[in-house]
Amino acid sequence: MPKANQDFLLELLHTASPSSNEVAIQKKWINYVKTFADEIRTDHAGNAIGVLNPDARFKILLAGHCDEIALVINRIDEDGFLHFDKMGGINPQAAVGMKVSVMGENTSITGVIGVNAQHHGGIKKDFDLEDLFIDCGYKTKGEAEDNIQIGDLAVYKTEPEILSDRYISGRGLDNRTGSFIVAEVLKNLAERGCSVGVYAASTVNEETNMGGAYFAAAGIEPTMAIACDVTFATDYPGVNKNKHGDIRLEKGPVFAKGAPINKKINRLLEQTAKKLQMAVQYELTPRMTGTDADKMRLTGKGVPVSLVSLPLRYMHSPVETASLKDIEEEIELLVEMIANLTGEENLNPLED
């Protein structure tokens, strides 16, 4: 991956973007994309959208959500400890013993998620988020309330790392990698040129309600849409591949198959991968995809959708891990497919 591209990806990953508080990362995304997009659009949900060929009749929407899972402070006790609920799919086991950054109104406060010492019996076998707490070093409730309010958000305090010049690891790769990918697809298409309208959306709120995707698609009214998200890699110890499938890092982008997915879009993706001699993988989404595709599909008169996913290890943990090669291949795939669209494609599965 070129250094400039990798630097942009790392900048996104360094920026806290908990669901419902994505303003900082969106401003950085806009600042990058505005140098090559024909237009930048925003909306009341907080989406950031880069556009090429805004007057084109045929419009493709690429959605990669920029929000990450987080903790939300729901109580401050008399001794100044912070108690919390989840903003998105937090795994309580992964939270134990972690450092966090609590995003106060004017500053970020470091805290630690306390754990009962093993000498005192350790943490109980069956526990949930209400059994955990954040220690910021405050001695009283009043001292904590000088800096933190109910409803403030916290993210794990970790830094992204490159592993063996091959993988990238850190918190929130789900799905700031998708936000990165749609920006890079737009950048490449701006240089190469294309015949259709391209709308690259860094969407918000996917981890909580997918409202960002709905706002984006409802406002754009695209001809077709592709969600660029992550999916569960199963290539590490302890995963039951018979139950969860065989998805591996460095084995290519993952296409979804199921009721929500438009088969003609998948055919275009498959033909492009074959042309590029690129390996691809498949996952099943029988009823719903669990991604932005579900909301985009149900806007307006209905939008044909597909889902292209990046294999990701250790989902919703502080050390999510993905392949730089897979990221680059997904960008290449989408650029090649879109660059070859004529704008006359018929996505109706009952028509030739």
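Helix axes are lines fitted to C-alpha atoms over the stretch in contact, and angles run from 0 to 180 degrees between N-to-C directions. The model is predicted, so that local features need pLDDT of at least 70 and side-chain atom pairs count only at pLDDT 80 or more, whereas totals for chains, interfaces and linings use all residues. Residues are numbered from 1 along each chain as its sequence is written, and side-chain values use heavy atoms, with hydrogens and water left out.

**View 1. Packing of helix α5 against helix α10.** Helix α5 (residues 173-192) and helix α10 (residues 324-339) pack with their axes 9 Å apart, at an angle of about 45°. This makes α5 oblique to α10 (angles under 35 degrees count as roughly parallel, over 145 as roughly antiparallel, 65 to 115 as roughly perpendicular and the rest as oblique). The crossing of α5 past α10 is right-handed, the near helix being turned clockwise from the far one by less than a right angle. Helices (H or I, at least four residues) and strands (E, at least two) are DSSP runs, numbered from the N terminus.

**View 2. Packing of helix α2 against helix α5.** Helix α2 (residues 23-33) packs with α5 at an angle of about 15°, their axes 11 Å apart. This makes α2 roughly parallel to α5. Their crossing is right-handed. Ile25, Trp29, Tyr32 and Val33 of α2 make the contact with α5 residues including Val182, Ala183 and Leu186.

**View 3. The largest pocket.** The volume of the largest pocket is about 460 Å³. A pocket is an open set of points on a 1 Å grid over the protein atoms alone, where a 1.4 Å probe fits, with protein on both sides within 12 Å along at least five of seven lines; lining residues have an atom within 4 Å of a point. Volume is the space filled by probe spheres set on the points. Of the 25 lining residues, Val230, Thr231, Phe232, Glu283 and Thr289 are the closest to the centre. Strand β13 supplies the largest share of the lining, four residues. The lining divides into nine nonpolar, nine polar and seven charged residues.

Definitions and conventions. Nonpolar A, V, L, I, M, F, W, Y, C, P; charged D, E, K, R; others polar. Contact = heavy atoms within 4.5 Å.
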